[in-house]
Number of protein chains: 4
Amino acid sequence: MVNTPWDDSPKEECGIFGIFAPGLDVARTTYFGLYALQHRGQEGAGIVTYDGRVAHIHKGMGLVAQVFNEENMSHLLGHMAVGHTRYSTTGSNQLRNAQPYLIETLAGPLAIVHNGNLTNAPMLRRNLLQRGVGLSSSSDTEIIVHLLAGSGGSDWQASIRMFMAQAEGAYSLVILTKEAIYGVRDPWGFRPLVLGKLEEGYLLASESCAFSTIGATMVREILPGEIVRIDKQGYEITQGAPAQPRALCTFEHIYFARPDSIIDAKSVHHVRQALGRQLAREAPADADIVVPVPDSGTPHAIGYAQESGLPYTEGLIKNRYIGRTFIQPSDQLRRASVAMKFNPLPANLQGKRVVIVDDSIVRGTTSGPLVQLLREGGATEVHMRVACPPIMFPCFMGVDMATQAELIAAQKNLEGIRSHINADSLAYLSIDGMMQAIGESGGYCNACFTGSYPIPVTLEIQDKEQFEGVFGCG
Amino acid sequence: MVNTPWDDSPKEECGIFGIFAPGLDVARTTYFGLYALQHRGQEGAGIVTYDGRVAHIHKGMGLVAQVFNEENMSHLLGHMAVGHTRYSTTGSNQLRNAQPYLIETLAGPLAIVHNGNLTNAPMLRRNLLQRGVGLSSSSDTEIIVHLLAGSGGSDWQASIRMFMAQAEGAYSLVILTKEAIYGVRDPWGFRPLVLGKLEEGYLLASESCAFSTIGATMVREILPGEIVRIDKQGYEITQGAPAQPRALCTFEHIYFARPDSIIDAKSVHHVRQALGRQLAREAPADADIVVPVPDSGTPHAIGYAQESGLPYTEGLIKNRYIGRTFIQPSDQLRRASVAMKFNPLPANLQGKRVVIVDDSIVRGTTSGPLVQLLREGGATEVHMRVACPPIMFPCFMGVDMATQAELIAAQKNLEGIRSHINADSLAYLSIDGMMQAIGESGGYCNACFTGSYPIPVTLEIQDKEQFEGVFGCG
Amino acid sequence: MVNTPWDDSPKEECGIFGIFAPGLDVARTTYFGLYALQHRGQEGAGIVTYDGRVAHIHKGMGLVAQVFNEENMSHLLGHMAVGHTRYSTTGSNQLRNAQPYLIETLAGPLAIVHNGNLTNAPMLRRNLLQRGVGLSSSSDTEIIVHLLAGSGGSDWQASIRMFMAQAEGAYSLVILTKEAIYGVRDPWGFRPLVLGKLEEGYLLASESCAFSTIGATMVREILPGEIVRIDKQGYEITQGAPAQPRALCTFEHIYFARPDSIIDAKSVHHVRQALGRQLAREAPADADIVVPVPDSGTPHAIGYAQESGLPYTEGLIKNRYIGRTFIQPSDQLRRASVAMKFNPLPANLQGKRVVIVDDSIVRGTTSGPLVQLLREGGATEVHMRVACPPIMFPCFMGVDMATQAELIAAQKNLEGIRSHINADSLAYLSIDGMMQAIGESGGYCNACFTGSYPIPVTLEIQDKEQFEGVFGCG
Amino acid sequence: MVNTPWDDSPKEECGIFGIFAPGLDVARTTYFGLYALQHRGQEGAGIVTYDGRVAHIHKGMGLVAQVFNEENMSHLLGHMAVGHTRYSTTGSNQLRNAQPYLIETLAGPLAIVHNGNLTNAPMLRRNLLQRGVGLSSSSDTEIIVHLLAGSGGSDWQASIRMFMAQAEGAYSLVILTKEAIYGVRDPWGFRPLVLGKLEEGYLLASESCAFSTIGATMVREILPGEIVRIDKQGYEITQGAPAQPRALCTFEHIYFARPDSIIDAKSVHHVRQALGRQLAREAPADADIVVPVPDSGTPHAIGYAQESGLPYTEGLIKNRYIGRTFIQPSDQLRRASVAMKFNPLPANLQGKRVVIVDDSIVRGTTSGPLVQLLREGGATEVHMRVACPPIMFPCFMGVDMATQAELIAAQKNLEGIRSHINADSLAYLSIDGMMQAIGESGGYCNACFTGSYPIPVTLEIQDKEQFEGVFGCG
């Protein structure tokens, strides 16, 4: 994939889904749920169903619509299911790391889907290996599966509580067992998890947008440390571990979640417009038009335009069919790597002083070429406005945010970045302004902006690759 | 493909590209050019190159990025190339109809890419068959190839002129021969064709957006009836047939072309905003916000908002990963078929009177569900505004516009449509208003609105399928 | 494909099949017929059916069982069909050259399958190009199709006769038209063609083994110059061109045909045993056992053993799963290239004087390693016996026999070959002995042994690649 | 796969391979070794290599030549490797059960390939589950891997001994660890395992034919209960568990092994000829010719002919390109299901009394149609001779022998079978005669003939499917 220079976004690790609904085609419902969660991961997808006797699994690499077809769906029988859509940091064909992870236990099948990252995975992994459990992948999910299977707890709920007592880090889980679907959210509430309802039963998803797609209604968000159990009696929520000071990932609001989802009781699109409005208040610009970096910067730019009173329009056109290409541009076509994704709209830009609004800057590789495109399109001034604070620290809770050395704001000051991207002015949203727009004074993880991690981060987790190194890919 | 209910757009037949540029990697340049023209056809793609001795071809079904890889590109050697990206009306796997069409002739290789539709194809086809030429496909392109190969003209340019003398209908062509690349636009100028320039040579494309992507500059549009010949001396333009009253397809401006292209010397995005502004003047609405049907209605909605003074915002979120799915929603998930593509944004819609702007309505299958989604999102009133006139007649010049029986505006009057889609009000742009926004009083084909075809349409062409019927697909 | 050193056989160009049988599943019957003809070509396969209204086609690269499945077979409707299985001299993915070749003509669909090679193809090709017919492939079959389509004959039978009047070389054809299936065998009878019968209708195949597989019975062989027409009235045979002195390819008996086929009214297996017996009479060996080069040399070796009175046994084991491998043996594994196909049987060879019988030697690349394997297996003497005369001339009638420079017998005398392959003795069957074993004194093409071609061979056809060169593969 | 009626053979579970050879391309060597072992399993293949730092794996469904290519081989770096070729009793796409099985442990990577079947797998499985180890597949190999990883032994050799102390049943293993390759053969010696030598190191394979293919020489067979450790010092053999009364599977000689392999110090081809000779002594026939059921019955038939003095010839031709076909013969083509694999040779059969020799009869589905084909080919009498005793009991040591209800000899007596297959006479080899031909009076497992299993077989293992049932396939 040649998209490095085109794409300067943080990367989510996954979307998860679960359902218990006798009488419904649960595989099909899960399929459409994953389809709505596709933005959380495009590298692979999988579904496990259970029919009371046999657990059925299908998973593969690629988009949900590429992995499943009527033929393989027809085997996925049952009244309960879990599903997963995956973003992968690692190389090609890592089907071994794909989820759901399904095993047999004395108490029947156990299937898990996971969104997050355990910060004490190396220690948990070592414990398992010392207990003589061999591990066939480098994924946290396999660790969780074996911790649950080997917990010796009196029942699954007890096993989950025992797991929560040892685990540190971000984990939203959906778990399929013989008799129930469980949803689990870590005590910090790093990643979202929502409970919904259909006529035939209950369901869980990373985001509420999945509910709209399949015609379900939202019941409520699962809170930090909670366990929800869904079975034929309905659902029951218990506290699996004491809630810690909440640390929901701010980037769910800024970039990850679909604009039509509800996160922390707030409309994501609404928050994004509010971020743009706050940005306009904090960093006004003497300009003629406001344009977004499409598509992720669009709500923020609309907010900026509303607050500033400047006209909103489009200044960059995005190739809707962009996607994986394995063809390298030749030297003569170097420029094409950004131009393949974006072209300027001279008719809107000619002679204009332009405010361009982006949701975030990670490595800064795209911003410079975009400023250049706007100038080529006729903009006389380009003012870059970023709807979040400078990202200066890597994430260890499940977001692929680049290493510290790659983060441009960790390497350069504001003027250095402005000069690097050749904008006439550059402003980021302040942390306070961001929280104000979100409408909260706390309860969010802002570690990538502040370096203040809600959980102590060991050196070991910072060098996680050593554990992946045991397995090559072939 | 299960997208019928989600997708109510006319369909273009193709994007074409050609280049003569010694010293450049022409296959790679053509690849990136086709990538930029991907919106004109997603069903298949192909490239022919010629190295002075051997013509090389690769074509396949799917997106440009799926058809080509470094391995098959490595065979596409040469200093000249033509390429094609294709929309297909017919079923699966019609690789036989894929372009470019390449044959051997006494005068060397002949490869053709074509955008359009010949209205007298049945007659031309019959003539060829009577001459004893067997035809292996149902495509117009094979007809053109054999007419050129068998014309007996003194040279290719003469053969092209002889072809133009017989052919009726829409045809923008790029032709590869032993010594030159030719570009041809029919005398009515139905479909666009543009000449561009790189340091190493000249090139042709359906739209100028392809030039931006590969760093070329636009020289000028090829005019109706013109032939351009590109060879090692540069380019030369001649009149191949007398220009007819120009009849450029209005839908290039309304929907087909990429917003960043220049068509008929006008920025497409600019025209779309102007259409929206004119629509606001003709059909104002007593409302609170303006939202687009994303993405194709966005520029029109921005224009409507600018003119009306109403705030522009997003009201529907489109699943960016929508694409081919072969999974049918079950009855319980019927609703999902539209919800898979769009979800409402209640935070923006709640309690609001909403103007929703779409570029066009063809069969009307999507509009009703969209209105319904907006109401479910909390809109108190929904006013549908359409940035073109009612489509009442099918197209015979290369656009798949649905049959007359399927066109909702051919079956119902305005109130009937409004009632059918359950909007509080509905208005289309007038033909005069549309032309005024485009800035022209004539020179466009508006047959789909008026039924007044620039070329007489025979019954035979209206039942083209009979000719395709000889070949089944398997 | 890395099989060059393992495989020293001449290569057939194809197997053909046709059927007219209302009420039968003709596609399925053709499938099983092609399956039985698979030994005549493993590179590609195709079927055309016609249902009285629409012609259906499916073809692809690979084995018959790889090209067809229930899904694509389900489209192949009709009461008549032609099919083809293909050996290809050229590179990868040459789907364009695949058969059947299907076109539309004024008189309905025309589909052709062809086994053979036209020696005056360059002239016929030039004539077509001069008539202004463009050719999209390098295959003789496209030439035949266009000659028939453009012949201007009063009906298909007349067109076929006109084609036969111009064509020189080897051609067994099966032709599908609107109302009938035709079978055609060239006036020399180079390649076989047989008529068979089922309850529901008649059928044609390259070899009678296809009839056994599908439960049909043989009616008779089509004779040189004959045309058979099969339609709803039954079949009718006419003389399409005067028969020339018959020149059936001797290699059908020696190697190509399946042992259970009847060729020229003789059992192929029976002829092969007779060749072995004659070889034993002409070239006895003072030895202990007779072993074949499996599998093609087995009948000849059985005959040799019967006549010589020496015990027959196996001395070399062939890997049954040999097939295409794209992995190159490293230098350290050089030896593997033959050892991957054959291993010796020391228990049978130890201390024995061995006669090894092969059907033919083409380039001589396998014989040396096989002798070496036998010695490594413990043979004290190795006497190579070859059941045909030395091959000294290339074939221009549709067999890929290697070029003259590659033919070992064209480069070395008997002692030179013996020394090259390091056998203790070497003997070939004489031409007279071969004909005696076949039971004929004439009527066969022995040009590869004698250089006396039944049809004058021009320089042009000897350099056929120049015509293929116009099209590269990509 | 539609081959049920064509194929009446027992099925082996796998071929295994391992190598320790610094300086050699071990992946490539393993590839060619697996290629030679392809007859032991055609459903899937896999290789693990280790380069001292990272373990590399590639496995897939299909033939060895289909699973590997230069691209995926290029990742398989290292100086040691294990490989596997697999026959699968279960359905499609069971990639999860594919071998090698690779895990990470505290002591580095652990990869295992396995040929056999553990008769106490259900108990071992239950023990692991009770220890809290979750199992992700239904394979014995995963059990072995976790028993080794969790044994708590002081080193791998100790862990292997602990495993051998608990395991019952058939297991030939090759194990890759950080510092050495281990080979293990169960104390009964059910399945073969051989040690070989190359200049660069030592290697292990199921059969010695793999050594011939890659140019290695045989050192010796691994004996029951032995462990061989191969590392940079060379190899060392120890007794891992006391040898039990040896119980080598007789079917390795009768059918499984490649004829050019050495098993129990005997040439397999030689044993097969001896079985045929003994059969001729025990069950002579008043007949004219001896023909084999090709190819597996060929050596036995040669032996029968030698001893009886009757001429050996071919009577049935096997389609060399038989393979998986997914096309079902229609009712009209019912007969094709056997005819697709075999056709008779009337020229050899006409008017003859025929002895047909097969290696074994399992379910008896093929024998009847073959007798019928011979009669259709003109045989006046057909005498079936089978080179092993009647199979009356299923196998629980890793051979898929059909269930008892399917075994024809468990359901009918000799006359019943003769009548069922419509032969003029039928005879099986006696058990004593079989052992005499093999040259041993004991040391073999003849349980499928006698029902006397070397290891007590529990009901549980007889219903193994219940454990596989937890996982469906999708």
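**View 1. Where domain 1 of chain A touches domain 2 of chain A.** In this predicted model, 19 residues of domain 1 of chain A are in contact with 20 residues of domain 2 of chain A. Two residues are in contact if their C-beta atoms, placed from the backbone, lie within 7 Å. Domain 1 spans 4-247, and domain 2 spans 266-322 + 332-445. These bounds come from an automatic or database domain assignment. The C-alpha centres of the two domains lie 33 Å apart.

**View 2. The domain 1 side of that contact in chain A.** β6(A) gives the most, with 3 residues. Strands (E, at least two residues) and helices (H or I, at least four) are DSSP runs, numbered from the N terminus. This side of domain 1 divides into 6 nonpolar, 7 polar and 6 charged residues. Ala, Val, Leu, Ile, Met, Phe, Trp, Tyr, Cys and Pro count as nonpolar; Asp, Glu, Lys and Arg count as charged; the others, Gly among them, count as polar.

Residues are numbered from 1 along each chain as its sequence is written, and chains are lettered from A and ligands numbered from 1 in the order in which they are written. Local features need pLDDT of at least 70, side-chain atom pairs count only at pLDDT 80 or more, and totals for chains, interfaces and linings use all residues.

**View 3. The axis relating chains A and B.** A 180 degrees rotation, with 0.0 Å of shift along its axis, superposes chain A on chain B with an RMSD of 0.0 Å. Superposition is by least squares on the C-alpha atoms of residues with pLDDT of at least 70 in both copies. A:Tyr312 has the C-alpha nearest the axis in chain A, 4.0 Å from it. The copies meet through the same surface, because 100% of the interface residues of chain A are also interface residues in chain B.

**View 4. The axis relating chains C and D.** Chain C can be laid on chain D by a turn of 180 degrees and a shift of 0.0 Å along the axis, with an RMSD of 0.1 Å. The two copies are therefore related as by a two-fold rotation axis. In chain C, the C-alpha nearest the axis belongs to C:Tyr312, 4.0 Å from it.

**View 5. The side of chain C that touches chain D.** Here 60 residues of chain C are in contact with 60 residues of chain D. Elements of chain C that each supply at least two residues include α9 (268-282) and α10 (298-308). α1(C) gives the most, with 6 residues. This side divides into 29 nonpolar, 21 polar and 10 charged residues.
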